[in-house]
Amino acid sequence: MILSLPREKGWRTPYIYLFQGFWCQPAEIQAISIFQNHFQAKDSDVFVATVPKSGTTWLKALTFAIVNRQDHLISSKNHPLFSFNPHDLVPFIEYNVYGKHDQIPDLSNFHEPRLFGTHIPFDSLPNSIKDSNCKIVYICRNPFDTFISSWIFVNKIKPTSMPTLKLEEAFEMYCNGLVGFGPFWNHMLGYWNESKERQKNVLFLKYEDMKEDVNFHLKNLAMFLECPFSLVEENEGVIENIIKLCSFEKMKELEINKIGTFGRNFENKSLFRKGEIGD
């Protein structure tokens with residue numbers, strides 16, 4: 001099936017393929033196909049969805065901290081975010097959950113509410129998700145910043161056998177939609193349109209807005225996930241502590257994010273560069 005799909009040169013692989021209207025690699029196509037055919041959503045599930053390099057790691061950390069704050073006190077020195085990368089706590093559907101061994105994973109041992117991450121466009125999510133009351137949190141970012149972050153990231157993780165991807169070449173490909181899970185505009189619009197139709201199920205966030213007033217958007221995120229902060233929590237500084245725990249500066253300095261790998265053996269340290277707006 002993959003060999004019958006349109007293909008173009010990839011950023012860090014010889015080819016990417018047009019699958020269900022977006023571009024991805026063969027291993028991703030295989031994982032997504034299994035996911036679509038076998039995943040059974042629960043109403044309590046939470047999905048963190050993004051275009052790559054749009055604030056994925058940050059949003060995963062914030063979501064995990066909010067949802068699990070009763071089980072893992074934010075002030076605790078044993079909080080999981082000190083010992084695990086956010087991608088381990090909120091695993092990628094197409095890499096960690098369905099991307100291993102080409103088998104249907106056993107999800108019975110997942111702690112509920114189950115937290116998942118994905119770059120898959122909305123239209124390609126399984127019907128069991130679309131027909132359920134599970135929550136989808138989507139974050140987008142200025143495409144210029146997303147592009148630069150993606151370009152630098154790809155040159156860090158590309159195989160040594162491949163030449164450095166030039167900025168001009170990468171920009172031309174990006175504008176033509178030829179990037180992992182692109183075109184980016186269709187990706188954003190898919191979740192944006194769904195957020196307007198089903199506001200209780202899909203929350204659309206902007207990276208720049210989050211950076212400008214993270215306190216406000218954190219409270220809004222908690223309400224959306226149906227675990228709002230109480231007045232006692234607000235007075236005790238729980239929101240500020242979550243913001244500090246999940247901040248770019250804090251995550252970058254943690255030892256767990258300087259070593260180890262995530263996804264398909266990408267180095268954790270490659271995740272944290274600047275996180276700035278207008279870079």
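Which side-chain oxygen reaches the backbone nitrogen of Phe 144 at the start of α6?

1. The start of α6. The oxygen belongs to Asn 142, and it comes to within 2.8 Å of the backbone nitrogen of Phe 144. Note that this is a predicted model.

2. The length of α6. This helix covers residues 143-157, which is 15 residues.

3. The buried side of the count. Among the buried residues of α6 are Asp 145, Phe 147, Ile 148, Phe 153, Val 154 and Ile 157. Thr 146 also lies in this helix, and it counts as buried because its relative accessibility is 1%, where the cut-off for buried is under 20%.

4. Ser 54 and its surroundings. Ser 54 sits in the loop between β4 (46-50) and α2 (56-67). Its relative accessible area is 0%, so it is buried. Its side chain reaches the backbone oxygen of Val 51 at 2.9 Å. Beyond its neighbours within four places in sequence, Ser 54 is in contact with Ile 139, Cys 140, Arg 141, Thr 146 and Tyr 207. The C-alpha atoms of Ser 54 and Tyr 138 are separated by 9.7 Å, although the two residues are 84 residues apart along the chain.

5. The view from Thr 146. Not counting residues up to four places away in sequence, Thr 146 touches Val 51, Pro 52, Lys 53, Ser 54, Arg 141 and Tyr 174.

6. Salt bridges. Side chains of opposite charge can pair when their charged atoms come close. The whole structure has eight salt bridges. One of them joins Glu 112 and Lys 42, with the closest N and O atoms 2.5 Å apart. Glu 112 lies in the loop between α4 (93-97) and β5 (115-118), and Lys 42 in the loop between α1 (26-38) and β4, so the pair ties together parts 70 residues apart in sequence. Glu 112 is partly exposed at 42%, and Lys 42 is partly exposed at 34%.

7. A buried pair. Arg 69 forms a salt bridge with Glu 233, the closest N and O atoms being 2.7 Å apart. Arg 69 is in the loop between α2 and α3 (86-89) and Glu 233 is in helix α11, 164 residues apart. Arg 69 is buried at 7% relative accessibility, and Glu 233 is buried with a relative accessible area of 12%.

Conventions. Residues numbered from 1 in each chain as written. Predicted model: local features only at pLDDT ≥ 70, side-chain atom pairs only at ≥ 80, totals over all residues. Heavy atoms only, no water. Helix = DSSP H or I, 4+ residues; strand = E, 2+ residues; numbered from the N terminus. Expected span 1.5 Å × (residues − 1). Buried < 20%, exposed > 50% of the residue type's maximum accessible area, 1.4 Å probe, protein only. Polar contact = N/O pair within 3.5 Å; in protein donor to acceptor, adjacent residues only side chain to side chain. Contact = heavy atoms within 4.5 Å. Salt bridge = Lys/Arg side-chain N within 4 Å of Asp/Glu carboxyl O.
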